[in-house]
Each structure stands twice: as structure tokens, then as C-alpha cells.
Amino acid sequence: MGSGATEADSAGTGGTGAHRTGADGMASGGVRVGAELGPLEIPVTRTLIVAGAIASRDYQDVHHDAALAREKGSPDVFMNILTTNGLVGRYVTDRLGPHCVLRKVAIRLGAPNYPGDTMTLTGTVTGLDGDTAEIRVVGTNGIGHHVTGTVTVTLGSAA
């Protein structure tokens, strides 16, 4: 099933006949302030770092050349912000279901993501206004907080 989908996702109803569920079993219609989204662990591989940089057209050497990254003071290549931004968006939409639409992603980077580490994304619903939700997202790795931010989404309903 891929991307953290649950068996209920593949049926399209999450067992309720009304809403699909995210990977943590939360139906998009059941989002409430204070609800925690299930964690997502992402292995940080050299391939992920380099592929993310190339896909986002970020050709800075610190994202693909370990020797040049070390010359510039980094112990290794590290993930770029656009890859992190995409992973944060994927995390929220995977958890809230396929009808969720990203409206705003505002993130700040902290500790770098280096190859061999794992980034764990977690989220909490901090605001709800009609069908618009605000999610506080934190991504941690072995060094500390890699990313913190807020994602605003429109919650769709299953057709």
C-alpha cells in the first residue's frame, strides 16, 4: 500500500462509509483541536538527500558532494529545505487523507539531516475554523529539531 496507507484507506471509506482515514486512523471529518497525528519515521539516506536536491533543482554542492561539504565545515552532505518542505507536506496529507489540500506550509530548519539518521515527524492540530485546520509539525533527528512549523490545510470530504 505505500506512503503509510492503512487497509481502511484502500477501501476508501475507513469503515465509516463517510470519510477516509489517515495512517493513524484519524478520519478527516473527525479532526479536532489537540488531536495528535501519528508519527512518521523517515530514514535519511544519502540517496534521499541527493535525489531531493536534484528534484528541486538545488545544485548546491553541500547537498551532493561530501568532500566539498566537509571543506565548507559540514561533516557530510545534508538535506535541503525543499526536500524537508515536501516531506512535511506528505506527512500531513498522508495523515489527514487524500481529500486534504495543502494551503500553506511555513517551516524553519534547525539541526541538519545527515545520511544515516532518521527524522521523525509528529503533528498536533492547533486550530480549526470550518473546514480549515492548522497543524503544528515538528521533525526531530539524532541531533535535535530538524524542522518546526505550521501547515494549514483544507479538509475535504470523501465524494
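Tutor: Two strands pair if DSSP finds at least two bridges between them. The model discussed here is predicted.

Student: How do you know that E4 and E5 pair?

Tutor: Nine bridges join E4 and E5 in the antiparallel sense, and the cut-off is at least two, so the two strands count as paired. One of the contacts is that of Val137, whose bridge partner in E5 is Gly149. The hairpin of E4 and E5 has four residues between the strands, and Gly144 takes a positive phi near 160° there.

Student: Which sense do E2 and E5 run in, and how many bridges join them?

Tutor: E2 and E5 run antiparallel, with eight bridges.

Student: What makes E5 largely enclosed by the rest of the structure?

Tutor: Of the 10 residues of E5, seven are buried, so the strand is largely enclosed.

Student: Why is the pair of Phe78 and Tyr114 called edge-to-face?

Tutor: The planes of the two rings stand at 85°, and edge-to-face requires over 60 degrees, so the name applies. The ring centres are 6.5 Å apart. This is the one aromatic pair in the structure.

Student: Why is Tyr114 called buried, and why is Phe78 called partly exposed?

Tutor: Tyr114 has a relative accessible area of 17%, under the 20% limit, so Tyr114 is buried. Phe78 has 23%, which lies between 20% and 50%, so Phe78 is partly exposed.

Definitions and conventions
Residues are numbered from 1 along each chain as its sequence is written. This is a predicted model: local features need pLDDT of at least 70, side-chain atom pairs count only at pLDDT 80 or more; totals for chains, interfaces and linings use all residues. Side-chain values use heavy atoms; hydrogens and water are left out. Rings of Phe, Tyr and Trp (its six-membered ring) pair if their centres lie within 6.5 Å; planes under 30 degrees apart count as stacked, over 60 as edge-to-face and the rest as tilted. Buried means under 20% relative accessible area, exposed over 50%, partly exposed in between (1.4 Å probe, protein chains only).
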